[in-house]
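Me: I'd like a close look at one part of this structure, the packing. Take your time and keep it chatty.

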Amino acid sequence: MLNPAIQCANSSSISPPAGHYSHVCIVGGFVMISGQLPINSEGQALADQSFEEQTRQVLTNLEHCLAQAGVDKYSLVQVRVYVTDIYQWPVFNRLYEQWLGDHRPARAVAGVAQLHFGSAVEVEAMALAATA
């Protein structure tokens, strides 16, 4: 039985989930955002694009997920970043800082062997939900 305390939804601004999950779930005052890969709104994986372009797409997807939940990037509480080449971390950090400005949510980064579709970066996050 579905739990009515958990509200899950998908953003119509990005590609629908390819698996059995939702883009966002809201529960207990928090927004949980599933890992976002560099996939454009038409469902095309951008693994053949530069790390910078993949990162920009991931951050755009994250922003659309936040909007679906009625919040913005300044509501982020924690961000988890997965990269297949840890030496690209400075590039990610620069683009992330430009995107987020002075807001500094908690963050973790992990170097991983591989990501779905051959992607170079994936980001999942948690944000404070909008108050009624």
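Reply: First, a word on burial: buried means under 20% relative accessible area, exposed means over 50%, and partly exposed is in between (1.4 Å probe, protein chains only). This is a predicted model, so local features need pLDDT of at least 70 and side-chain atom pairs count only at pLDDT 80 or more, while totals for chains, interfaces and linings use all residues. Residues are numbered from 1 along each chain as its sequence is written, and side-chain values use heavy atoms, with hydrogens and water left out.

Let's start with the two helices, α1 at residues 51-68 and α2 at residues 89-100 (helices are DSSP runs of H or I with at least four residues, strands are E runs of at least two, both numbered from the N terminus). Their axes sit 10 Å apart, and the packing angle is about 40° (axes are lines fitted to C-alpha atoms over the stretch in contact, with angles from 0 to 180 degrees between N-to-C directions). That makes α1 and α2 oblique to each other, the label for whatever is not under 35 degrees (roughly parallel), over 145 (roughly antiparallel) or 65 to 115 (roughly perpendicular). On the α1 side, the contact is made by Phe51, Glu52, Thr55, Arg56, Leu59, Leu62 and Glu63; α2 brings Val91, Phe92, Arg94, Leu95, Tyr96 and Trp99. Contact here is heavy atoms within 4.5 Å.

Zoom in on Thr55, which is in α1. Thr55 is buried, at a relative accessible area of 0%. Setting aside neighbours within four places in sequence, Thr55 is in contact with Phe92, Leu95 and Val121. Phe92 also turns up in the largest nonpolar core, among the residues with the most contacts inside it, alongside Val31, Ile33, Leu76, Val81, Val121 and Val123. That core has 29 residues (a core being buried Ala, Val, Leu, Ile, Met, Phe, Trp, Tyr and Cys residues joined through side-chain atoms within 4.5 Å). At least two core residues come from each of β3 (30-36), α1, β4 (76-83), α2 and β6 (121-128), and α2 gives the largest share, seven residues.

Val123 shows how these pieces meet. Not counting residues up to four places away in sequence, Val123 touches Val58, Leu62 and Phe92, as well as Ser34, Gly35, Gln36, Val79, Arg80 and Val81.

Back on α1, Asn61 also belongs to that helix and is buried, with a relative accessible area of 2%. Beyond four places in sequence, Asn61 touches Ile14, Gln36, Leu37 and Ile39. Gln36 is a touch partner of Val123 too.

Now for Val24 in strand β2 (residues 24-27). Val24 is buried as well, at 2%. Its touch partners, leaving out residues up to four places away, are Gln7, Cys8, Ala9, Val31, Met32, Ile33, Cys65 and Gln68. The C-alpha atoms of Val24 and Asn10 are 6.3 Å apart, though 14 residues separate them along the chain.

Gly29, in the loop between β2 and β3, is partly exposed at 37% relative accessibility and touches Ala127, Leu128 and Ala129, not counting residues up to four places away in sequence. Phe117 sits in the loop between β5 (106-111) and β6 and is partly exposed, with a relative accessible area of 41%. Its phi is near 65°, a positive value in a residue other than glycine.
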